[in-house]
Amino acid sequence: MLRVRNLRVYHGIIEAVHGINIEVPLGKCVALLGPNGAGKTSTISAITGVVKSEGSVSFEDRNLSSLSVEDRIKAGISVSPEGRRVFANLTVEENLVLGGALKPKCRSDRIAEWFKTFPILGERRAQPAGTLSGGEQQMLAIARALMNEPKILLLDEPSLGLAPKIASQIFEMIKNLKQENITILLVEQNATQALKLSDYAYFLNNGHILAEGKPEELGGREDLMAELTGIT
Amino acid sequence: MEYVVQQIMNALAFGAEYALLALGLAIVFSIMGLVNFAHGEIIAVGGYTMVAAAALAFKNPMIVIGAAITAAVVASVTLERVAFRPVRYADPTTGLLTAFGVSMILQNLFLLLVSPRPITVTSLFFLEWSIDLGGVRVSSLQLFEALATIVVIILLMLFLRRTLLGLAMRAASLDFEMVRLSGVRANRVFAIAFMISGLLAGIACVFIMARRGSVDPHLGFDPVLKAFVACVVGGFGSLPGAVLGGFLLGAVEVAMLVMLPQSLGGMTDAFVFGIIALLLFWRPDGLLAPRSEKGDKH
């Protein structure tokens with residue numbers, strides 16, 4: 001279980017996240033929703049340790065707060081970041097190799113497995129990842145994040161900037177991951193899709209948690225949905 | 001014919017030396033954005049180690065060479081640990097000033113603790129003899145230097161393409177944070193980069209010392225200046241650019257030496273840098289500058 005307690009994140013002197021609490025139980029998919037600038041990515045960055053934060057982040061009853069980024073990854077956390085951030089100058093295959101840096105055992109088998117799941121990545125295995133389309137890069141980013149066989153996957157805006165058809169492919173992929181019992185914290189602006197996939201959801205705005213609950217409860221609240229779309 | 005071949009060998013040898021040093025600068029720059037001006041002092045450390053090894057009566061020149069290269073590697077890794085790690089994530093200017101500071105401290109240490117005057121090392125003169133290549137006599141040292149550089153470049157390419165740390169270093173040049181998020185330790189990547197940089201400086205040091213036969217506190221200044229120029233010409237941060245820039249600079253330098261009349265002999269460097277300036281006018285980012293778009297990172 002990933003447990004975030006009283007998390008505060010600062011960008012310079014500005015506090016972006018004002019003491020939030022989040023829990024992600026093992027085997028569940030939890031959604032973190034909210035409009036642009038709500039503090040979703042800041043929260044993810046604080047969990048992985050790439051930004052400084054106050055409060056505590058614990059995973060499987062182990063306090064991660066004082067650990068380095070690398071040690072948190074080693075503890076079983078993995079991230080598919082906002083903007084995908086594939087290694088554009090490395091080939092598709094090299095991206096996956098590097099993604100599995102911590103689990104060298106059977107790495108090539110796992111890569112072959114991914115190429116079976118996404119034949120398009122297999123076809124382009126020797127191509128620089130920068131030449132892939134947005135959707136392909138997103139598939140690669142998620143596959144790369146899973147190469148270390150993490151216990152929890154943080155998915156930051158996987159559908160951002162993708163055509164609706166491609167985005168639904170990505171959501172289909174997340175659904176499959178869920179069926180494999182991979183623990184997921186899903187950050188999304190596309191609330192409809194995210195709520196369909198998740199077991200529990202938090203609604204974040206201006207660095208505060210505005211609401212939390214089962215997807216069916218949150219999905220019915222028009223005030224929250226209006227916040228997301230900006231239509232009031 | 002012989003004259004032309006000899007000049008080509010000159011250009012290759014100069015170019016190889018610049019390429020080795022430029023690669024050493026570029027590999028550190030590509031991952032941490034630091035122009036390591038203390039690179040020249042790493043060469044000097046190698047030179048002084050040769051003096052010490054020879055003085056300790058190691059008659060075997062291989063021991064002298066091995067000691068110099070080892071010392072350069074150790075010095076480079078130590079500098080990373082002591083001087084550059086604390087400023088790793090600081091502003092690039094801070095890193096640059098740190099490099100200048102380290103460079104001055106080391107030069108002054110050589111002045112104070114060793115000697116301001118050149119010290120001769122004769123152990124490497126055995127590398128220099130004349131080889132008959134199909135009727136054309138060339139210097140063995142130049143041949144070795146060109147060959148060593150080619151071997152080093154091939155090994156470095158294999159390392160960067162075939163090993164996990166090599167992949168991590170290439171990826172780190174675009175997005176270091178994402179490399180850390182894959183679980184690769186930043187400390188290890190930096191240490192390896194400086195280790196390779198020191199190794200390249202150590203190998204270059206062997207050839208510089210074999211040619212000059214002596215070491216003084218400012219041994220590294222000129223070579224590093226040239227390596228810096230080679231990096232700029234090739235495109236700073238690009239490893240192929242560093243190699244290309246190094247060989248190009250060697251070729252232009254030899255061409256100027258050959259073509260300039262005797263009366264302008266002292267102005268070779270001025271002409272070389274003039275040509276480089278024109279080149280940069282045409283390609284301000286260097287010939288093989290890394291593309292400005294950095295993945296999908298915004």
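Contact here means heavy atoms within 4.5 Å. This is a predicted model, in which local features need pLDDT of at least 70 and side-chain atom pairs count only at pLDDT 80 or more, while totals for chains, interfaces and linings use all residues. Residues are numbered from 1 along each chain as its sequence is written, chains are lettered from A and ligands numbered from 1 in the order in which they are written, and side-chain values use heavy atoms, with hydrogens and water left out.

Start with Asn148(A). Leaving aside residues up to four places away in sequence, Asn148(A) touches Ile73(A), Gly99(A), Gly100(A), Ala101(A), Leu102(A), Lys103(A), Arg110(A) and Ser182(B). Asn148(A) sits in the loop between H6 and strand E7 (152-156) of chain A. Helices (H or I, at least four residues) and strands (E, at least two) are DSSP runs, numbered from the N terminus. Is Asn148(A) buried or exposed? Asn148(A) is buried, because its relative accessible area is 7%. The classes are buried under 20% relative accessible area, exposed over 50%, and partly exposed in between (1.4 Å probe, protein chains only).

Ser182(B) leads across to the other chain. In total, 28 residues of chain A are in contact with 23 residues of chain B. The size of an interface is often given as the accessible area lost when the parts come together. Chain A and chain B bury about 2,300 Å² between them, with 59% of it on carbon and sulfur atoms. Buried area is the accessible area (1.4 Å probe) that two parts lose on being put together, summed over both. In chain A, Glu70(A), Arg85(A) and Leu98(A) lose the most area to chain B, together 30% of what that side buries.

Charges also meet here. The rule finds five salt bridges across the interface of chain A and chain B. A salt bridge is a side-chain nitrogen of Lys or Arg within 4 Å of a carboxyl oxygen of Asp or Glu. Asp71(A) and Arg185(B) join their side chains in a salt bridge (2.5 Å, N to O). On the side of chain A that touches chain B, helix H2 (69-74), helix H3 (92-99) and helix H6 (134-146) each supply at least two residues. H2(A) gives the most, with five residues.

Now turn to chain B. Val4(B) is found in helix H1 of chain B. With 47% relative accessibility, Val4(B) counts as partly exposed.
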